[in-house]
Amino acid sequence: MTFLDISGLSVEYGSSSGPVYAVNDVDIQLDDGESLGVAGESACGKSTLGLSIIRMLSGGSVKGKIFFEGDSLLNICESDFDTKYRWKKISMIFQGAMNALDPVFTIREQFLEILKQHNFDGNSNQLILDAMNSVSLDENVLKKYPHELSGGMKQRVVIAMALLLKPKFVIADEPTTALDVLIQAQIINLLKILKKDGMSFLLITHDLAVLSEIADMIGIMYGGQIVEFGSSEEIYKNPKHPYTKALLESIPTLKGGPPKYIKGVPPSLLDTPTECRFLERCPLAFEKCKELPPKLKTKTGYVRCWLYEDK
């Protein structure tokens, strides 16, 4: 049984000009213990994808299927999802640690609020200390307010909160954003340790170099769609979609020379093109690309590109 199985997932918002699809026809399969990385430019739908899994979208209409350990997450009533799944089996590390913490409460009080909301009746102090120890923070941090902590410490507190109820699956939305490289390395090392302990992740990031450190599977998002999905090895060694190749070529290297950049801008979701969404920026476009490409099978996933129609 697949640990996480998403098929045909779309997230629709209403607008004066008609429906807007922030996420459109996404398929993802992930086995137990594996980690998934999702990368792409800003506003391509990465965070919306994560929020749709944990059912914390505001106003969006979710269509498709999301199965977690065989259970259909979209068909579970809200009260059951809140008490049995959200934070207990599936949790989320939100983007921007400062915005995820309440400035008027101590760290301990914010941990206790989580346990209160989930009617925890065990040894709350030990559970909190275990979560803090897992991110290399000591008990003294619990007495402090968020403004008394560094950016890296706040980020680790947010991670500890996500791990508090020992979930099996964690959605990490840009967990290393705005952190210096040393703290980024600490966070990535922490995620590696948690992965070895059996936890699965969905890691959302702009940084493909970060994904190379931890992701087993990778989804490349563009214009609300995953344009290429496959194993980390396949994506890095044999990328197929022109957008994936362009992203990889934009990573600075030690070999010297300026990194390449992708000309143009992503399509507006308010006016989604009916052809390949990367058409206007693609150096390999040809006549067939004026039609929306299907999801064509690859060795470990799929790619949305007419270049591979007959391969």
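**Figure 1. Lining of the largest cavity.** Gln225, Val227, His241, Cys276, Arg277, Phe278, Leu292, Pro293 and Arg304 line the largest cavity. The space in this cavity is about 50 Å³. Two cavities of 30 Å³ or more are counted. On a 1 Å grid over the protein atoms alone, a cavity is a set of points where a 1.4 Å probe fits but cannot get out, a pocket is an open set with protein on both sides within 12 Å along at least five of seven lines, and lining residues have an atom within 4 Å of a point. Grid points are joined across faces, edges and corners, and a volume is the space filled by probe spheres set on the points. The model is predicted: local features need pLDDT of at least 70, side-chain atom pairs count only at pLDDT 80 or more, and totals for chains, interfaces and linings use all residues. Residues are numbered from 1 along each chain as its sequence is written, and side-chain values use heavy atoms, with hydrogens and water left out.

**Figure 2. The largest pocket and the helices that line it.** The volume of the largest pocket is about 370 Å³. Its lining has 16 residues, of which Ala100, Gln110, Glu113, Ile114 and Met161 are the closest to the pocket centre. Helices α4 (107-117) and α6 each supply at least two lining residues. The most comes from α4, with five residues. Helices (H or I, at least four residues) and strands (E, at least two) are DSSP runs, numbered from the N terminus.

**Figure 3. The β6 edge of the eight-stranded sheet.** Eight strands form an open sheet in the order β6-β7-β8-β3-β9-β10-β12-β11, with mixed pairing. At its edges are β6 (90-93) and β11 (296-297), each pairing on one side only. Strands β6 and β7 (residues 169-173) are parallel and share four bridges; two strands pair if DSSP finds at least two bridges between them. Ile90 has Phe169 in β7 as its bridge partner. Helix α6 (residues 151-163) packs on the sheet and touches β6 and β7, and its direction makes about 170° with that of β6. Axes are lines fitted to C-alpha atoms, for helices over the stretch in contact, and angles run from 0 to 180 degrees between N-to-C directions.

**Figure 4. Strand β3 and its two partners.** All five residues of β3 (residues 35-39) are buried, that is, under 20% relative accessible area, with exposed over 50% and partly exposed in between (1.4 Å probe, protein chains only). In a regular strand, side chains alternate between the two faces of the sheet. Ser35, Gly37 and Ala39 are buried on one side of β3, and Leu36 and Val38 are buried on the other. Strand β3 pairs in the parallel sense with β8 (residues 200-205) over five bridges and with β9 over four bridges. Leu36 has Leu202 as its bridge partner in β8 and Met217 as its bridge partner in β9.

Figure 5. In α10 (residues 242-249), six of the eight residues are buried: Pro242, Tyr243, Thr244, Ala246, Leu247 and Leu248. They pack against α8 (208-214), β9 (217-222), β10 (225-231) and α9 (232-237). Helix α10 lies across β9 and β10, at about 100° to β9. Thr244 counts as buried because its relative accessibility is 1%. Beyond its neighbours within four places in sequence, Thr244 is in contact (heavy atoms within 4.5 Å) with Ile220, Glu228, Ile235 and Pro239. The side chains of Thr244 and Glu228 are joined by a polar contact of 2.8 Å. A polar contact is a pair of N or O atoms within 3.5 Å; within protein, one must be able to donate a hydrogen and the other to accept it, and residues adjacent in sequence count only if both atoms are side-chain atoms.

**Figure 6. The four-stranded antiparallel sheet.** This open sheet has the strand order β2-β1-β4-β5, with antiparallel pairing. Its edge strands, β2 (20-30) and β5 (71-72), each pair on one side only. Seven bridges join β1 to β2, with Glu12 having Tyr21 in β2 as its bridge partner. Six residues lie between the strands of the β1-β2 hairpin, where Gly18 takes a positive phi near 120°. Strand β2 is largely enclosed by the rest of the structure, because eight of its 11 residues are buried. Strand β1 (residues 4-13) is also joined to β4 (residues 61-68) by seven bridges, and Ser7 stands opposite Lys65 in β4. Helix α1 (residues 46-53) lies across β1, β2 and β4, at about 115° to β1.
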